[in-house]
Amino acid sequence: AYLSHHFRAGAQYIHTDGSIGWVWDEAKGFRGLERNIAFIKKYQGSFDGKINGLLFPYTCDQVTPELLKATRQAATALGVGIRMHFAQSQLELKLIAEKHNGMTPTEYLESLGFLGDDVMLTHALYGRGFQGGPWMSNEELATLARYGVTVTNCPWIYSMRGGYLM
């Protein structure tokens with residue numbers, strides 16, 4: 001089993017007018033990373049190798065650049081993988097672009113030195129554009145492949161939304 005606790009520095013909420021607001025607490029995100037590290041140090045390889053840990057920054061738009069860099073460093077030092085929800089909504093695509101000079105989630109993670117063959121990104125749907133849509137471009141997919149990133153899909157969550165992609 002690969003186990004982890006997710007951590008993040010930001011969380012969204014909805015104002016009464018329907019607009020999105022954010023609460024940021026980077027210190028809480030770093031405490032979550034430290035909790036993950038402590039779990040891995042205590043349990044990695046236990047039960048005859050059946051228990052393993054992953055670092056789990058929750059989603060690309062809810063973790064600060066500093067927390068992502070610290071996660072990358074910790075994963076390398078511990079020799080464990082990283083799992084993260086990634087490019088899962090058009091809102092995330094928009095937020096990353098607004099905060100990081102027009103970059104897509106793929107370009108943003110690459111700019112931080114975050115990508116590697118120990119990274120598993122869940123969803124990986126949205127990006128620079130493909131066939132007129134907001135999907136990931138061939139170049140972005142090639143970037144993920146070049147780093148050996150694993151992409152996972154969760155079709156069940158979208159089927160529960162009636163096939164609706166956000």
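Buried means under 20% relative accessible area, exposed means over 50%, and partly exposed is what falls in between (1.4 Å probe, protein chains only). The views below come from a predicted model, where local features need pLDDT of at least 70 and side-chain atom pairs count only at pLDDT 80 or more, while totals for chains, interfaces and linings use all residues. Residues are numbered from 1 along each chain as its sequence is written, and side-chain values use heavy atoms, with hydrogens and water left out.

**View 1. R72 and D118 meet in a salt bridge.** Side chains of opposite charge can pair when their charged atoms come close. Here a salt bridge is a side-chain nitrogen of Lys or Arg within 4 Å of a carboxyl oxygen of Asp or Glu, and the structure holds four of them. In this one, the closest N and O atoms of R72 and D118 are 2.4 Å apart. R72 sits in helix α3 (residues 65-78) and D118 in the loop between α5 (105-111) and β7 (119-123), so the pair ties together parts that are 46 residues apart in sequence. Helices (H or I, at least four residues) and strands (E, at least two) are DSSP runs, numbered from the N terminus. R72 is buried at 12% relative accessibility, whereas D118 is partly exposed at 23%.

**View 2. E107 and R128 form a salt bridge.** Their N to O distance is 2.4 Å. E107 belongs to helix α5 and R128 to strand β8 (residues 126-130), so this pair links parts that are 21 residues apart in sequence. Both ends count as partly exposed: E107 has a relative accessible area of 26%, and R128 comes in at 48%.

**View 3. R146 pairs with E110 in a salt bridge.** The closest N and O atoms are 3.1 Å apart. R146 is in helix α6 (residues 138-147) and E110 in helix α5, so the bridge ties together parts that are 36 residues apart in sequence. R146 is exposed at 56% relative accessibility, while E110 is partly exposed at 29%.

**View 4. T143 is a buried residue in helix α6.** Its relative accessible area is 9%. Contact means heavy atoms within 4.5 Å. Leaving aside neighbours within four places in sequence, T143 is in contact with T106, E110 and L115.

**View 5. Helix α1 packs against helix α3.** The axes of α1 (residues 26-43) and α3 are 10 Å apart, at an angle of about 10 degrees. That makes α1 roughly parallel to α3, a label for angles under 35 degrees. Axes are lines fitted to C-alpha atoms, for helices over the stretch in contact, and angles run from 0 to 180 degrees between N-to-C directions. Among the residues making the contact are F30, L33 and I37 of α1, along with L67, A70 and A74 of α3.

**View 6. T64 lies in the loop between β5 (52-57) and α3.** T64 is buried, with 13% relative accessibility. Not counting residues up to four places away in sequence, T64 touches A9, W24, E26 and Y108.

**View 7. Strands β3 and β4 make a hairpin.** β3 (residues 10-14) and β4 (residues 20-24) pair in the antiparallel sense over five bridges; two strands pair if DSSP finds at least two bridges between them. Y13 has G21 as its bridge partner in β4. Five residues lie between the strands, and G18 in the turn has a positive phi of about 90 degrees.

How values were computed: Parallel < 35°, antiparallel > 145°, perpendicular 65-115°, else oblique.
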